[in-house]
Amino acid sequence: MAKTAQLQAQLQTGRMGMGLIKLANESQGSLMNSKEALEFINRLLREKSQPVLDESEEAIFIGIWDKKEYRDIAAKIIFSEQHTRKMGADLCKKVTKYLEIRVRKRNFRKQIEYRYKEWSNQQTHGLKSDASTLEMTSPPAPLLPGEGSNFSSFGEDKDSDIINDNIITNPFTPQQSRIDNPQDFFNREREIRQIFEVINSGSSVALIGTEGVGKSSLLSQICQLADTHLHSPRQPVFLDLNLVEDENDFYGALCDEIGIPKSN
C-alpha cells in the first residue's frame, strides 16, 4: 500500500525552521510536491533577505516542477509561450544566483530536492553532545584537512561556546556539501600542485577517498584555478554526479555545462 504523503511544517522562526518534511509521494519516488518545494525555496529566499517569488513566478515554478511544457504553463497563466520561456529562464537564473542552486528546466526538480536533502541534514544533525565527549582543539585536529573552513578559535571561557541543552557550535562551514568559495578553502596547496603537474603532463588524475574527506571541494577549486594553472587552455567542467542518474543525464549535463545544444 502506498504510504500517505505527509508534511510536517513548522514555520516558526526557531532553529528547525520549516521543521522536518517527511518523504512525500513516496510511491512516486518524489521527495516533495510542488507546493512544498515552493515553500522551501521561498523560505531560503527569506533567509537570504531576498524577495519571495511573485504570483507569476510561483505559477511557472509549479509548472516546471510538475514537468509541464512551456506552452501548457503559458496557457494557464495567460502569457505567450515566448514570454513564459523567458520568465522560466529568469526564474532559474534567480534561484541559481541567490540560492546557489544551479537549476535549469531539465534538472529543476532534481537539483532542488538535492539541496533540500542537504538543508534537512544541516537542520536535523546538530552537534548534540556532552561537553566532555567533544574536545575542541586549537588549532583544529586534522580530521578533514582543507575542509575545516572558517575555524573559530575558542577563548578561555568554554561555557560561551555551549548553547542551551549542550548544543555545541560547529566551527566548520559548510557542515554539508562541498566548498566552492576559495576564501573558505585552504591547506590543499600540495595536492593542487600535484594535480596540475599530472594534468599538464598529459595524464589523468583520479581522486579516491572516503565520503566527506573533501574530494568534491578539491575538484571545485581545480576547476576555478584551471585558467591560470593549465599550460594548454582547456575548458574546465564540473559535474556533480550525485545529480546524474544515467548516461542521458550525464550527456545532457555535459552539454549544458559546455554550452552546446543536446542532439537527439
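Asn187 is partly exposed, with a relative accessible area of 44%. This is a predicted model.

**Residues with positive phi**

- Asn187 has a phi near 65 degrees, a positive value in a residue other than glycine.
- Asn187 sits in the loop between strand E2 (167-168) and helix H6 (189-200).
- Lys67 also has a positive phi, about 60 degrees, although it is not a glycine.
- Lys67 lies in the loop between H2 and H3.
- Lys67 is exposed, with a relative accessible area of 62%. That value counts as exposed because the cut-off is over 50%.

**The largest nonpolar core**

- In soluble globular proteins, nonpolar side chains tend to be buried together.
- The largest nonpolar core here has 27 residues.
- Ile41, Phe61, Ile101, Phe108 and Ile112 have the most contacts inside this core.

**Around Ile101**

- Leaving aside neighbours within four places in sequence, Ile101 is in contact with Ile41, Leu44, Val95, Thr96, Gln111, Ile112 and Arg115.
- Two of these partners, Ile41 and Ile112, are also among the residues with the most contacts inside the largest core.

**A second core**

- A separate core of nine residues is also present.
- Its members include Ile179, Phe185, Phe196 and Leu230.

Methods:
Residues numbered from 1 in each chain as written. Predicted model: local features only at pLDDT ≥ 70, side-chain atom pairs only at ≥ 80, totals over all residues. Heavy atoms only, no water. Core = buried A, V, L, I, M, F, W, Y, C linked by side-chain atoms within 4.5 Å. Buried < 20%, exposed > 50% of the residue type's maximum accessible area, 1.4 Å probe, protein only. Contact = heavy atoms within 4.5 Å. Helix = DSSP H or I, 4+ residues; strand = E, 2+ residues; numbered from the N terminus.
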